[in-house]
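Colleague: I have a model open and would like to learn how to read it. Can we go through it feature by feature?

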Amino acid sequence: MKEFAQSALETARVRGATYADVRVMDIRQRFISTKNGQAAQVRESQSVGMGIRVIADGAWGFASTEDLTCASADAAAAKAVEIAKASALCKKHDVNLAPEQRVVDQWQGPCRIDPFSVPVSTCLDLMLKVDAELRRVAGVTLAECAMDFRHIDQLFLSSIGSEIRQVKTQTGAGYSATSFAGNEIQRRSYPNSFGGQYQTRGYELIEELDLVGNAPRIAEEAAALHACDQCPAGVMDIILSGSQLGLQIHESIGHPIELDRVLGDEANYAGMSFLTLEKLNQLQYAAPIVNVVADATVQHGSGLGTFAYDDEGVPAQCTPIIKDGRFVGYLSSRESAASVGQARSSGAMRAEGWNRIPLIRMTNVSILPGTWRLEDLMADTKDAIYMETNRSWSIDDRRYNFQFGTEIGWEIKNGKKTRMLKNPSYGGITTEFWNSCDAICGPEEWTLWGTPNCGKGQPMQTMGTGHGAAPARFRNVQVGVAYQQ
Amino acid sequence: MVGAGLVPARRGHEGCPYSRDTRSMLNRKLADELFEKVLKYSTADETEAYIASTSYSLTRFANNTIHQNMAEEDLNLSVRAVVDHRTARATSNKLDEASIREMCEAAQALARLQRPDQELLRMPGPQTYRAVERCDPETAELSPRARAETVKQVIRRAEKDQLTAAGVFSSGKVAQALYNSRRLCAYHEESVSEFSVTMLADTGSGWAKKTGQRYQTLDPMSLADSAAAKALRSRDPKEIQPGRYTVILEPSAVMDLLGFMLLDFGGLAVLEQRSCLTGREKQKVFGGNIQIRDDGFHPSQSGAPFDGEGIPRHRVTLVENGVVENLVYARQTAHKMGKEPTGHGFQLPNEMGEAPLNIVMEGGRGTVEEMIRSTERGLLLTRLWYIREVDPYQKLLTGMTRDGTFFIENGEIQYGVKNLRFNQSLIEMLNHVEMMSAPQRAAGEESIEMVVPAMKVGEFNFSSTTKF
């Protein structure tokens, strides 16, 4: 593994690269799903390969190969240099990288129970138990359950002499109950939509989720939604559940703080950002009670954005993003940090696999917990809608105008949770929304949620990101927007 | 753990001048050899092997410079085993003998862990496929330098108008082979290319994109001119009130919306009542001028002439005169529903069943210019963005306009407008189509390519605006 990676670095150097880094990865995945009492998918995959990134003639090139031999590694290195020299035909200035120290280290992510050691039959038995509970409820027309395990072993070498080996395990699980009746399809998911909850941990995550215990409630809610009132429309207060707030953070904080978007690198696809450079340390992004960090360290938790070093060999960091409501930090790379005069990268470069270049991606972008308990927050609330579990999400290409829909809502009247509501939706403008936050629940209700399917880049890359969040209240929000005609 | 693989004698790092590594590219001979090895190690009742290779390069630019530039090669083998009415799959790109044996054993072991499915059909036998020629060697081999030279010209075009260009130019080749132990054998290779460009003015933007099997058909300079013109014309956008407007949707916008209905035309989706067409088969759901079919052999289409099990793709009329005439069916779904398979199934095992992937929507004789001239008050939309489904049965979609949104009054484009959010039922929209152009191959960002017209639609619902 190391020998041909070193050979690739040497080939790149000989052919004119002034910088090079290599990632060799071995990615194993096991995916198991059930549907309406049957196993739907049982599959395993393994993908191994090497990618080399170079700067030559002052520009970037990248090439990859699945053939882990010195010959192919050298060929990929040579190709990367050829590509870099082609890039240089259009350069305006040489690529400049913020400095980093050489690192030699290895790291293993947290994992108490290796999910690949858990028999598939055990996983299937658990999922079919969940399935049985879901379909016991009249009105449930489709019960789906899935578990997803990944084992990622990566070796990083760079021309500054870094050598970093990182091994991590990721686990995800969840289910949904769908109910079709009349002219309506309703769905409830647990513990979250997008396939459930995901973290950088082992099977112990699944043991903690109480999948079977929550199934009856989820199924009953799916069936009951048909008879519920439509969520009303108007300007009103809302309380968002922790998982929904996690997605709100992802879309309206996590993405706009990616410095490559700010600088225009994603203009053709994922979009740009309203957080132009003069707003740093100036913009009142949110209410003063809001504090947000981008924290890849293990101390923050075992989120999908947890690691020891990013894919440029930069150590994991905790970067303040919003402090007392003020915007104070970006997610950056060595190149983007240098281009805006920052001394160091924030360590946010991550690649989907060995065949993709690293891009600035979210790590664990989390709101710090407040002080409320949810029951007290509801008791304090006169008139609001409590919304839970995301169903739809959309935001403009600079991250201002957003709209979300959730699976279920409840009306809160005079401090009490009253009628269940169907088809809740809300929308707004990012900074106006975050400035309307006036209460955040505390650590007991704070969870480090995992979003496994963030998309960015060309060619597109999917990345897992973490978002710590607790329920929170927002005032005077436009509700019911999606169904208003 | 990463395997060491074979380590041949080292050659000097200078090596010979870079020569393309052909190991990764699939051909029939390599596919045959790999399948023979699979058969050697598989003891399953039935065995299927899917082999795919990718050789792909993408040159990306932004801020009038090439900032990302990559190339990848990969070769994957995926083995599906059937053991006593149970099936599972194992996939890897490690293709040494030991790894192939491990893959076969893993697929069989996983299969044995499941409960038997008595409805699981035997694998299909040999099939006959219609020939499609979709591989252009020049496109497959286009060099980084050639792509960079084209991008340089596009950047010069941007700079001529003090614009900033961003986009991609990609090219490559994909190949796939599907074999099974009942002697089914299918093979397909295809070249791919894409050019997409966003032009940014200080307060305006424009976009254009094209894909195809031959890079020579992309015409990047025309795309650059189109995007530049929109960027310039959309400067200083005005804010308009949300509400219902007549809109003219360019083909990319139509395509990205229509993509949200693809899975709904699957038989299994209807059977499981998760489709917006559940209870609507054979009913007039759309306007009488809506004709949609799935046609993998249309000259502007892409993809293999077979599905995930190797069944030949059929042309299927999905919607005729607004009536939902047919769905598409994988073998298993067809068997459950008493229908004939149409060759649209996904690889087994899967939960979704099938979907049409080669949409062709009939159009009309209008042009976008005629649609504009005929519009008293409305909007011209270049593309739509971040489209998501709000309501699955109403097929209510939300999303934003982007990169070229213009207000039309009295038959003329008046000015650019700040982007708007829509909340619009696709079903309702297709009941308000007033005019259509001839269909063309369209490419967007939210769905797969389709052959669709531009269309003028009445009563399109915008719910809010944004700041740019």
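Colleague: Which residue is the bridge partner of A:V293 in β16(A)?

Modeller: That partner is A:S366. Keep in mind that this is a predicted model. To read a strand pair, take the bridges one by one. Three of them join β11 (residues 292-295) of chain A to β16(A), and the two strands run antiparallel. In β16(A), A:I367 stands opposite A:V292.

Colleague: What does β11(A) pair with in the antiparallel sense over four bridges?

Modeller: With β12(A). There, A:V292 has A:I322 as its bridge partner.

Colleague: In what order do the strands of this open sheet run?

Modeller: Four strands of chain A line up as β13-β12-β11-β16, with antiparallel pairing. To find the edges, look for strands that pair on one side only. Here they are β13 (326-327) and β16 (365-367) of chain A.

Colleague: Which helix packs on the sheet?

Modeller: Helix α6 (residues 242-254) of chain A. It touches β11, β12 (318-323) and β16 of chain A. The helix direction makes about 120 degrees with that of β16(A).

Colleague: Are the faces of β11(A) covered or uncovered?

Modeller: Both are covered. A:V292 and A:A294 are buried on one side, A:V293 and A:D295 on the other.

Colleague: How far apart in space are A:D74 and A:G325?

Modeller: They are 50 Å apart, C-alpha to C-alpha, and 251 residues apart in sequence.

Colleague: What is the general idea behind a nonpolar core?

Modeller: In soluble globular proteins, nonpolar side chains tend to be buried together. In this model, the largest nonpolar core has 218 residues. A:A8, A:I52, A:A80, A:A84 and A:I238 touch the most other members. The element that gives the most to this core is α2(A), with twelve residues.

Colleague: Which residues does A:I238 touch?

Modeller: Leave out residues up to four places away in sequence. The contacts of A:I238 are then A:A384, A:I385, A:M387, A:Y426, A:F474, A:V477 and A:V479. Another core, of 68 residues, lies apart from the largest one. Its members include A:C145, A:Y175, A:L225 and B:I51.

Colleague: How is chain A divided into domains?

Modeller: Into domain 1 (2-227) and domain 2 (229-483). Their contact takes 46 residues from domain 1 and 41 residues from domain 2 of chain A. On the domain 1 side, these are 17 nonpolar, 19 polar and ten charged. The C-alpha centres of the two domains lie 21 Å apart.

Colleague: Last, the backbone. What should I check there?

Modeller: Most residues other than glycine have a negative phi, and most peptide bonds are trans. Look for the exceptions. The peptide bond from A:Y190 to A:P191 is cis, with omega near -5 degrees. A:P191 lies in the loop between β7 (184-190) and β8 (197-199) of chain A. The bond from A:Q458 to A:P459 is also cis.

Colleague: Which phi does A:N36 have?

Modeller: A positive one, about 45 degrees, although A:N36 is not a glycine. A:N36 is in the loop between β1 (17-35) and β2 of chain A. It counts as partly exposed because it has 15 C-beta neighbours inside 10 Å.

Definitions and conventions:
Residues numbered from 1 in each chain as written. Chains lettered and ligands numbered in written order. Predicted model: local features only at pLDDT ≥ 70, side-chain atom pairs only at ≥ 80, totals over all residues. Domains from an automatic or database assignment. Contact = placed C-beta atoms within 7 Å. Nonpolar A, V, L, I, M, F, W, Y, C, P; charged D, E, K, R; others polar. Pairing = 2+ DSSP bridges. Axes fitted to C-alpha atoms, helices over the stretch in contact; angles between N-to-C directions. Buried ≥ 20, exposed ≤ 12 C-beta atoms within 10 Å, placed from the backbone. Core = buried A, V, L, I, M, F, W, Y, C linked by C-beta atoms within 7 Å.
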